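This briefing is meant to be read beside the sequence and the model shown here. It begins with a short note on terms and then goes through the topics one by one.

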Amino acid sequence: MKKILIATEKPFAPEAIAQIKEIVEKEGYQLSLLEKYSTSDELKAAVADTHALIVRSDKVTADVVDAAKELKIVVRAGAGYDNLDLEACSTKGIVAMNTPGQNSNAVAELVFGMMVYQARNHFNGTAGTELRGKKLGIHAYGNVGGYVAQIAKGFGMEVYAFDPFVPDDKIKADGVTPLKTVEELYSTCRYVSLHLPANEKTKKSINAALLEKMPKNAVLVNTARKEVIDEESLVQFMEKRTDFAYISDIAPDNKSVFEEKFDGRYFFTPKKMGAQTAEANINAGVAAANQIVKFFKNGDETFRVNK
């Protein structure tokens with residue numbers, strides 16, 4: 001019997017667990033759940049006899065992979081997969097997958113929740129500003145970027161995008177203006193929303209040299225990864241540009257500096273919240289379960305992210 005483990009420090013919605021359970025048990029597989037664990041040793045113990053693993057932002061390190069003697073597939077229920085040690089998986093012959101697009105709308109809605117919160121001065125009773133008529137730049141136009149564009153148009157914003165990997169025609173088809181350089185995006189837009197993956201090319205790529213091109217009262221919105229921000233450079237920039245605000249779905253390592261120096265000019269969610277909706281949980285969890293079933297039944301590796 002195939003054993004499937006859901007290991008998640010941030011629990012899935014109960015509806016998601018119920019649907020995953022129905023899918024895998026229909027195939028005769030056994031489902032186990034490890035939630036709110038506090039140490040990697042707990043995860044390593046749980047994966048010892050597991051054939052398939054579903055995680056969210058949990059780190060599947062080389063040590064975890066070594067402990068999972070029966071593991072054949074690990075699925076990250078979400079788009080980003082930098083929490084998976086792909087090299088370790090490949091070395092052990094384990095297929096690593098993600099579930100692209102399943103959390104996209106939830107993340108996009110969070111972008112606007114945070115933008116409105118910042119535009120209205122954290123609802124402190126003073127006069128804020130409106131989003132209508134403002135220019136929004138989408139840095140990386142993937143699944144989430146497309147949803148952000150849709151919502152932005154509903155707010156009456158002017159929408160621009162930069163993504164060298166997406167054809168201009170596709171961006172234009174969404175009523176969005178494609179820009180040729182990242183510098184043009186930042187110099188044009190008062191709001192910039194980040195949707196970059198964290199990799200060797202993007203880590204610390206958002207720095208003072210880029211941000212200083214932004215217009216007065218600019219706001220940077222990060223629902224991607226904290227690693228794409230040069231945090232030291234950002235602090236130095238914000239000390240000089242007192243009109244600039246940074247809002248993020250994950251707190252930087254130097255969060256205490258923001259608390260000390262930038263009152264009213266930042267907001268960080270307590271935990272990464274982009275995919276924390278019942279709908280996103282269900283979408284990503286069900287997709288992960290179906291991908292595991294297809295892999296075991298047909299060898300389907302459609303969403304494989306390692307070599």
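Helices and strands are named here as DSSP runs, with helices of at least four residues and strands of at least two, and they are numbered from the N terminus. The model is predicted, and every value below should be read with that in mind. With those terms in place, K272 can be located in the loop between strand 12 and helix 12, and D263 in the loop between helix 11 and strand 12 (266-268).

**Lysine 272 and its surroundings**

- K272 has a relative accessibility of 17%, and because the limit for a buried residue is under 20%, K272 counts as buried.
- The side chain of K272 places a polar atom 2.8 Å from the backbone oxygen of A224, and the side chain of K272 is also joined to that of D249 by a polar contact of 3.3 Å.
- When neighbours within four places in sequence are left aside, the residues in contact with K272 are K10, T223, A224, R225 and D249.

**Threonine 99 and its surroundings**

- T99 sits in the loop that runs between strand 5 (95-98) and helix 5 (104-119), and with a relative accessibility of 1% T99 counts as buried.
- The side chain of T99 reaches the backbone nitrogen of G78 at a distance of 2.8 Å.
- Beyond its neighbours within four places in sequence, T99 is in contact with V75, R76, A77, G78 and A79, and also with A284, A287, A288 and Q291.

**Helix packing**

- Helix 1 (residues 14-26) and helix 12 (residues 278-298) have axes 8 Å apart and pack at an angle of about 15°, and because angles under 35 degrees count as roughly parallel, helix 1 and helix 12 are roughly parallel to each other.
- The crossing of helix 1 and helix 12 is right-handed, and the contact is made by E15, A16, Q19, I20, I23 and V24 of helix 1 together with A278, N281, I282, G285, V286, A289, N290 and V293 of helix 12.
- The axes of helix 5 and helix 6 (residues 143-154) come within 8 Å and cross at roughly 50°, which makes helix 5 oblique to helix 6.
- The crossing of helix 5 and helix 6 is right-handed, with S104, N105, V107, A108, E109, V111 and F112 of helix 5 meeting N143, V144, Y147, V148, I151 and A152 of helix 6.
- In helix 10 (residues 231-240), the buried residues are E231, S233, L234, V235, F237 and M238, and these buried residues pack against helix 9 (208-211), strand 11 (245-248) and helix 11 (255-261).

**Backbone with positive phi**

- A140, although it is not a glycine, has a positive phi of about 95°; A140 is placed in the loop between strand 6 (135-139) and helix 6 and, at 10% relative accessibility, counts as buried.
- K204, which is likewise not a glycine, has a positive phi of about 60°; K204 is found in the loop between strand 9 (191-194) and helix 9 and, at 55% relative accessibility, counts as exposed.

**Cysteines**

- The structure holds 0 disulfides, a disulfide being a covalent bond between the sulfur atoms of two cysteines.
- C89 is buried, with a relative accessible area of 0%, and C189 is buried with a relative accessible area of 0%.

**Residue pairs apart in sequence**

- D263 is exposed, its relative accessible area being 70%, and the C-alpha atom of D263 lies 9.8 Å from that of A245, although D263 and A245 are 18 residues apart in sequence.
- S40 lies in helix 2 (residues 40-46) and, at 43% relative accessibility, counts as partly exposed.
- S40 and K59 are 19 residues apart along the chain, and their C-alpha atoms are separated by 8.6 Å.

Key. Residues are numbered from 1 along each chain as its sequence is written. This is a predicted model: local features need pLDDT of at least 70, side-chain atom pairs count only at pLDDT 80 or more; totals for chains, interfaces and linings use all residues. Side-chain values use heavy atoms; hydrogens and water are left out. Buried means under 20% relative accessible area, exposed over 50%, partly exposed in between (1.4 Å probe, protein chains only). A polar contact is a pair of N or O atoms within 3.5 Å; within protein, one must be able to donate a hydrogen and the other to accept it, and residues adjacent in sequence count only if both atoms are side-chain atoms. Contact means heavy atoms within 4.5 Å. A disulfide is a pair of cysteine sulfur atoms within 2.5 Å. Axes are lines fitted to C-alpha atoms, for helices over the stretch in contact, and angles run from 0 to 180 degrees between N-to-C directions. Angles under 35 degrees count as roughly parallel, over 145 as roughly antiparallel, 65 to 115 as roughly perpendicular and the rest as oblique. A crossing is left-handed if the near helix is turned anticlockwise from the far one by less than a right angle, and right-handed if clockwise.
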